[in-house]
Amino acid sequence: MATTTTSLPIPSSSSTTGSSSSTTTSTTTCHEIESAKKRLTAARSQKESASSLILSAQTMASTARTMAETARAMALTAKKNNEAAQSLLRTSEIEVEEAYRFLKEAESRWEREKEKEMMEEEEL
């Protein structure tokens, strides 16, 4: 933001006619004007800084909202993945039980076959 200041003519002592009091008043007024100009410049600079801080804060807030939305989406995805993993675990546990039963049945059939073969060999 550009700052513009209007220069006011500063009365010189040569253009002042009258008493010493008038010169002192003019000098005091001149100092007050210069002081006011400096104060205005400082206030404008402060205003620019504040505007910059506001813009930065707004950007940070927007980023935080985006991050929060992303975090919510990630949490939802994690919840779905957890549910899928739990389902897979249950299915796997059932599969393990069935495989164990199948193994026991196969071992049992093998044992029976082996006993049967041994009995046939003994009969011979």
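How many salt bridges does the structure hold? I found two salt bridges. For that I counted a side-chain nitrogen of Lys or Arg within 4 Å of a carboxyl oxygen of Asp or Glu. A reminder to myself: side chains of opposite charge can pair when their charged atoms come close.

Before going on, I noted that this is a predicted model, where local features need pLDDT of at least 70, side-chain atom pairs count only at pLDDT 80 or more, and totals for chains, interfaces and linings use all residues. Residues are numbered from 1 along each chain as its sequence is written, and side-chain values use heavy atoms, with hydrogens and water left out.

**Overall look.** Of the 124 residues, 3% are buried. Buried means under 20% relative accessible area, exposed over 50%, and partly exposed in between (1.4 Å probe, protein chains only). The protein exposes about 10900 Å², with 58% of that from carbon and sulfur atoms; I used the Shrake-Rupley areas with a 1.4 Å probe.

**Glu34 and Lys37.** This pair forms a salt bridge, and its closest N and O atoms are 3.7 Å apart. Both residues sit in helix 1, three residues apart, or about one turn of the helix. Is Lys37 buried or exposed? Lys37 is buried at 18% relative accessible area, while Glu34 is partly exposed at 29%.

**Lys104 and Glu107.** Here the closest N and O atoms of the salt bridge are 3.8 Å apart. These two are also three residues apart in helix 1, so about one helical turn separates them. I have Glu107 as partly exposed at 36% and Lys104 as partly exposed at 40%.

**The helix end.** I also checked Glu123, which lies in helix 1 (residues 20-123). Glu123 is exposed, with a relative accessible area of 67%.

Terms used: Helices (H or I, at least four residues) and strands (E, at least two) are DSSP runs, numbered from the N terminus.
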